[in-house]
Amino acid sequence: MKHLSRAIDGQNQGWKYLVVIVVALLGGQFIGAIPFAIVMGVTIAMKGSDFVPPENKMDFAAYGIDPSLGLVLVVIPFILTLVLAVVLVKSFHKRNLKDVINGGSTFRWKHFCLGVGVWGAIIVVITFVGVLMEPDNFEFQFAPLSFFPLVFVALIFLPIQSGTEEYLVRGYLAQGVGAWTKRPWLVILLPSIFFTLLHVANPEVKEYGFWVMMPQYFTMAVTFAIITILDDGIELAIGTHAINNCLGAIMINNKDSAIQTQALFMQKEVDPQNEFWVLLISSVLMITVFASIFKWDFKVLLKKIEVPEITP
């Protein structure tokens, strides 16, 4: 487990993790939100008394903001968060970007692309099966002038957002937990809880309830954590996370989605309980496919994380 053992180097004082995560998240999100706040403030001022606040605060169109531009504005805080995190981790822990990604090796583009391909194929199949089974629940809304810019923006910017979350949670925080506990199951559990709570303010949580939506976020978090440990790096998790968010923005949307876009389909009614079981089964299928491709040894999940050997 080169990725996790890389952090067992005497640079893992708890206060360092607290400072890095708080400063990177709060600093990046606050400063990065300024352009969004300015654009939103201007559009609201232009509407004047005619402005009616939308139920979903991420409904860009309701503010008079182009959804593709809104998507860019939403990702800017994640770009700043990633930059701050990389700089702080280097300063406090003497670990560079590659150290956090996979323990120090070159970025494995093959693993990233396989994550995109496998999970992307599963999502596409699930989406079209859902449309075929419930055609009245989906509205086809293809509009070329808004759809193609959306595809471009989503494919460029959403992987940055996904990569930032993976770097912080399955990369940096997981390495810290691994160095402290030496137990892979805690590396899966603790960062997954943190990841889940990061999404507590999403519109879906407000609409359907905390205990309805949190299992979905936790399932995804645990899935990403498992494939990160088995694959000894976060490239696969970045790929699956990125395509999950990209296709969520491009293919199917609903009024309560965290990011409102002009996707191909608008889903009228959402059954979160049913979606949880679909997600769980799909996640198991994805892990099975990856295990077959990479010949994973699941015993790794039970092994103690050892201090790395120092080559003379």
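How much space lies in the second largest pocket?

## Basis of the model

The structure is a predicted model, in which local features need pLDDT of at least 70 and side-chain atom pairs count only at pLDDT 80 or more, while totals for chains, interfaces and linings use all residues. Residues are numbered from 1 along each chain as its sequence is written, and side-chain values use heavy atoms, with hydrogens and water left out.

## The second largest pocket

The second largest pocket holds about 220 Å³ of space, where a pocket is an open set of points, on a 1 Å grid over the protein atoms alone, at which a 1.4 Å probe fits, with protein on both sides within 12 Å along at least five of seven lines. Grid points are joined across faces, edges and corners, and the volume is the space filled by probe spheres set on those points.

Its lining (residues with an atom within 4 Å of a point) consists of 14 residues, and Leu82, Ile101, Phe107, Gly163 and Ile238 lie nearest the centre. At least two lining residues come from each of helix H4 (67-93), helix H5 (97-102), helix H6 (109-133) and helix H7 (144-181), helices being DSSP runs of H or I with at least four residues, numbered from the N terminus. H7 gives the largest share, five residues. By class, twelve lining residues are nonpolar, two are polar and none is charged, with Ala, Val, Leu, Ile, Met, Phe, Trp, Tyr, Cys and Pro counted as nonpolar, Asp, Glu, Lys and Arg as charged, and the others, Gly among them, as polar.

Threonine 164 is in helix H7 and is buried, with a relative accessible area of 2%; buried means under 20%, exposed over 50% and partly exposed in between, for a 1.4 Å probe and protein chains only. Not counting residues up to four places away in sequence, threonine 164 touches Phe78, Thr81 and Leu82, contact meaning heavy atoms within 4.5 Å. Threonine 164 and valine 75 are 89 residues apart in sequence, with 10.0 Å between their C-alpha atoms.

Threonine 228, in helix H10 (residues 210-231), is buried with a relative accessible area of 2%. Leaving aside neighbours within four places in sequence, threonine 228 is in contact with His3, Arg170, Gly233, Ile234 and Ala237.

## Cysteines

The count of disulfides is zero, a disulfide being a pair of cysteine sulfur atoms within 2.5 Å. For cysteine 113, the closest cysteine sulfur is that of cysteine 246, at 13 Å, which is too far for a bond. Cysteine 113 is partly exposed, with a relative accessible area of 48%, whereas cysteine 246 counts as buried at 2% relative accessibility.
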